[in-house]
Amino acid sequence: MDQPLIVNDTVVFGLLALALGFIFYTSSLKSGFWQKFYSFVPAVLMCYLLPALMASSGLISDEISNLYFMASRYLLPAALVLMTLSIDLKAISNLGSKALIMFLTGSFGIIIGGPIAILLVSIFSPETVGGSDFDAVWRGLATIAGSWIGGGANQAAMLEIFKYNPEKYGGMVLIDIVVANIWMAIILLGVGKTNKIDKWLKADTSAIETLKIKVTEFTKKITRVPTLKDYMIMLCLAFSAVGISHFFGDYISNYLTTSFEAVSDKKSFLSFLGSSFFWMVVLSTCAGIIMSFTKAKNYEGAGASKIGGMFIYILVATIGMKMDLGKVLENPGLIAIGFIWISIHALLLIIVAKLIKAPYFFLAVGSQANVGGAASAPVVAAEFHPSLTSVGVLLAVLGYVVGTAGALLCAYLMEVASTL
């Protein structure tokens, strides 16, 4: 691995902050070049691409930085707390079944997309999908299936079950990161065209709009000029909940891992329960929901979700650091499998969305709850509206639950496809 020009995380964080500030300033301009530019490229996509360009140029590197870990373990749970403080569970339940249908469609697209991609690539490049014993490519692709349906815990489970050659595993991680991040960029690009896409889908967005209006009206009613005391109490609520979530998340995952063989066995369907990250996301979301039944929800009027949004954008920038555009063509055959795979997932989502007239929001969040998991589904949901963040979290948690079983089914289908 080549050493990046800047290795000090404090300096790297400063660069990310500079990039975010530049994007938010230029995207707020109401005339000239930048107004035209951001009418085509959403600001959130730029928050993702600028760090990606820095990483690709060798200026910074995610591989030696702890910033993603900091953002995903500290800022993400804090954002989940702050952005669910004013949650309206009844209004979310009124969103109906379409969100769940789109999520399950996304999972099914990953399950069948892998074997179909192998079959298609084997026609013109059989050596790309070959390999024998523990070098078999389908074994490595099984780890991607785990990541794209569930998350990191499910990915680790697939590696444990199928024992793919560790020396070649880095190549699979590369496909996972490159393809998933490019797909996330495309999803974010669509966010700026939501109205046009919804019109084409003939989607009924009334339940989503009702939820947005309810939250907006509630926020207007309680909006006040925040004081230092407000900020300190929000800091207390958010990071106390983060601390509690980590403490109990580690305790629960350790207890379940040591007490139940079904959890400690990474080959088991229940192995995701041994992930402390899973419990951290669940507990921090629960903390925000519990606070939404108390007077703490009034801190939305002092800007709770805006602070949560700031944390989310820092997370977006650190996710962008993972994207080294220069590595896209390192292994074109395997990258081709990844793109065909994600295209099948996308195509199936579009067809089902069109059939059931589901809004683009459900398509985008249903996809990211699979492919991106708990780190990026809330990011995409919040980009539509802060009040929708919790929908992304709930679907991402569901991804953990179905991840191992879905990835196992996908792996067995890929094994069959690679022998045809």
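The dialogue below sets computed values against the definitions behind the labels, for a model that is predicted.

Student: Why is the pair Asp62 and Lys322 called a salt bridge?

Tutor: The closest N and O atoms of Asp62 and Lys322 are 3.6 Å apart. The cut-off is a Lys or Arg side-chain nitrogen within 4 Å of a carboxyl oxygen of Asp or Glu, so the pair qualifies.

Student: What makes this pair a tie between separate parts of the chain?

Tutor: Asp62 sits in the loop between helix 3 (43–56) and helix 4 (67–84), and Lys322 in the loop between helix 15 (304–320) and helix 16 (332–356), so the bridge ties together parts 260 residues apart in sequence.

Student: Are Asp62 and Lys322 buried or partly exposed?

Tutor: Asp62 has a relative accessible area of 18% and is buried, the limit being under 20%. Lys322, with 26%, is partly exposed.

Student: How many salt bridges does this rule give?

Tutor: The count is three. One of them joins Lys212 to Glu209, with the closest N and O atoms 3.5 Å apart. Both residues belong to helix 11 (residues 206–222), where they are three residues apart, about one turn of the helix. Lys212, at 19% relative accessibility, counts as buried, while Glu209, at 35%, is partly exposed.

Student: How do you know that Arg224 and Asp230 form a salt bridge?

Tutor: Their closest N and O atoms lie 2.9 Å apart, and the rule asks for within 4 Å. Arg224 is partly exposed at 33% relative accessibility, and Asp230 is buried at 6%.

Student: Why is Asn165 called buried?

Tutor: Its relative accessibility is 18%, and buried means under 20%, so the label holds. Asn165 is in the loop between helix 8 (152–162) and helix 9 (166–191). Beyond its neighbours within four places in sequence, Asn165 contacts Phe134 and Asp135.

Student: What makes Pro226 partly exposed?

Tutor: Pro226 has a relative accessible area of 29%, and partly exposed covers what lies between buried, under 20%, and exposed, over 50%. Pro226 is in the loop between helix 11 and helix 12 (228–259). Apart from neighbours within four places in sequence, Pro226 is in contact with Tyr231 and Ala302. Pro226 and Gly303 are 77 residues apart in sequence, yet 7.5 Å apart C-alpha to C-alpha.

Student: Which residues touch the most other members of the largest nonpolar core?

Tutor: They are Ile60, Leu141, Trp148, Met172, Trp341 and Phe361, out of 146 residues in that core. Helix 9 gives the most to the core, with 13 residues. Leaving out residues up to four places away in sequence, Ile60 touches Pro4, Ile6, Val12, Met54 and Met321, among others.

Student: What is the volume of the second largest pocket, and which residues are closest to its centre?

Tutor: The volume of the second largest pocket is about 480 Å³. Of its 29 lining residues, Met83, Ser305, Lys306, Gly309 and Pro386 are the closest to the centre. Helix 15 supplies the largest share of the lining, eight residues.

Student: How do the lining residues of the second largest pocket divide by type?

Tutor: The lining has 17 nonpolar, eight polar and four charged residues.

Definitions and conventions
Residues numbered from 1 in each chain as written. Predicted model: local features only at pLDDT ≥ 70, side-chain atom pairs only at ≥ 80, totals over all residues. Heavy atoms only, no water. Helix = DSSP H or I, 4+ residues; strand = E, 2+ residues; numbered from the N terminus. Buried < 20%, exposed > 50% of the residue type's maximum accessible area, 1.4 Å probe, protein only. Contact = heavy atoms within 4.5 Å. Core = buried A, V, L, I, M, F, W, Y, C linked by side-chain atoms within 4.5 Å. 1 Å grid on protein atoms, 1.4 Å probe; cavity = no way out; pocket = protein on both sides within 12 Å on 5 of 7 lines; lining within 4 Å. Points joined across faces, edges and corners; volume = space filled by probe spheres on them. Nonpolar A, V, L, I, M, F, W, Y, C, P; charged D, E, K, R; others polar.
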